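The points below may be read with the sequence and the model at hand.

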Amino acid sequence: MVNMKRAIILHGTDATPEESWRPWLKKKLEAEGYEVWVPALPENHTPNREVYGEFLFGQGWDFTDNLVIGHSSGAVEVLNLLMDGRCPKVTMAVMVGGWAGGLPDICEEGNPQLINLFSKGGFGFEVIKKQAARLAFFHGDNDPYCPLEQAQYLAKNLDASLTVIPSGGHLGSALTEFPELWNAIQQSL
């Protein structure tokens, strides 16, 4: 039996699967023989790791040896998935425009919008490293929402690569293609 190449792409807060570079990446992966799932995350105005986890693991998708990609709060959810005991080891986890905790700069002080996205105990770096054969971060050097320093912190603690995109912003809706991400995926798989 041949193992199917599989990938999942997670969008960020208040986003959809059809926005930004996600449709472009889905087509590129499918052209390489991947089965690709780009789910609409439930209640994504207020991302919640437990709601997301129940949804993602409740859909019958086999995460084994997947390429798992997330943008913004979807990037944080990729890390949450890797810490979840239901998640098997994945081939590669890619976090685009992610951050380490607290509220990104777009949120007003005290805004509870993202409070349930993060585990109260923080990230389990050793668990995450064991769950992914390769970890990679992508971040704009001028991200207006999520500080580059937090992506640097995560990449350092996870022994992961970090690609900084000059003038990339939040690497979101302004991008319809993301060749740097595609090149990294091709080189590692």
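**Notes on the predicted model**

1. Helix 2 (residues 49–57) packs against helix 3 (residues 73–83) at an angle of about 70°, and their axes are 10 Å apart. Axes here are lines fitted to C-alpha atoms, for helices over the stretch in contact, and angles run from 0 to 180 degrees between N-to-C directions. Helix 2 is therefore roughly perpendicular to helix 3; angles of 65 to 115 degrees receive that description, those under 35 count as roughly parallel, those over 145 as roughly antiparallel, and the rest as oblique.

2. The model is a predicted one, in which local features need pLDDT of at least 70 and side-chain atom pairs count only at pLDDT 80 or more, while totals for chains, interfaces and linings use all residues. Residues are numbered from 1 along each chain as its sequence is written, and side-chain values use heavy atoms, with hydrogens and water left out.

3. Contact means heavy atoms within 4.5 Å.

4. Helix 3 is mostly covered, with ten of its eleven residues buried. Buried means under 20% relative accessible area, exposed means over 50%, and partly exposed lies in between (1.4 Å probe, protein chains only). Among the buried residues of helix 3 are S73, E77, N80 and L82. N80 has a relative accessible area of 7%; leaving aside neighbours within four places in sequence, N80 is in contact with R49, L117 and F123.

5. Which residues does Q131 touch, not counting those up to four places away in sequence? They are L82, C87, P88, K89 and V90. Q131 itself lies in helix 4 (residues 125–131) and is buried, at a relative accessible area of 18%.

6. S20 has a positive phi of about 65° and sits in the loop between strand 1 (5–10) and helix 1 (22–31). L171, with phi near 55°, belongs to the loop between strand 6 (161–165) and helix 6 (179–188). S20 counts as buried at 14% relative accessibility, and L171 counts as buried at 1%.

7. For the chain as a whole, the secondary structure comes to six helices and six strands, and the order from the N terminus is β-α-β-α-β-α-β-α-β-α-β-α. Helices (H or I, at least four residues) and strands (E, at least two) are DSSP runs, numbered from the N terminus.

8. The C-alpha atoms fill a box of roughly 50 × 35 × 30 Å along the principal axes. Of the 189 residues, 50% count as buried. Among contacts in the chain with a separation of 6 or more, 76% are between residues 24 or more positions apart.
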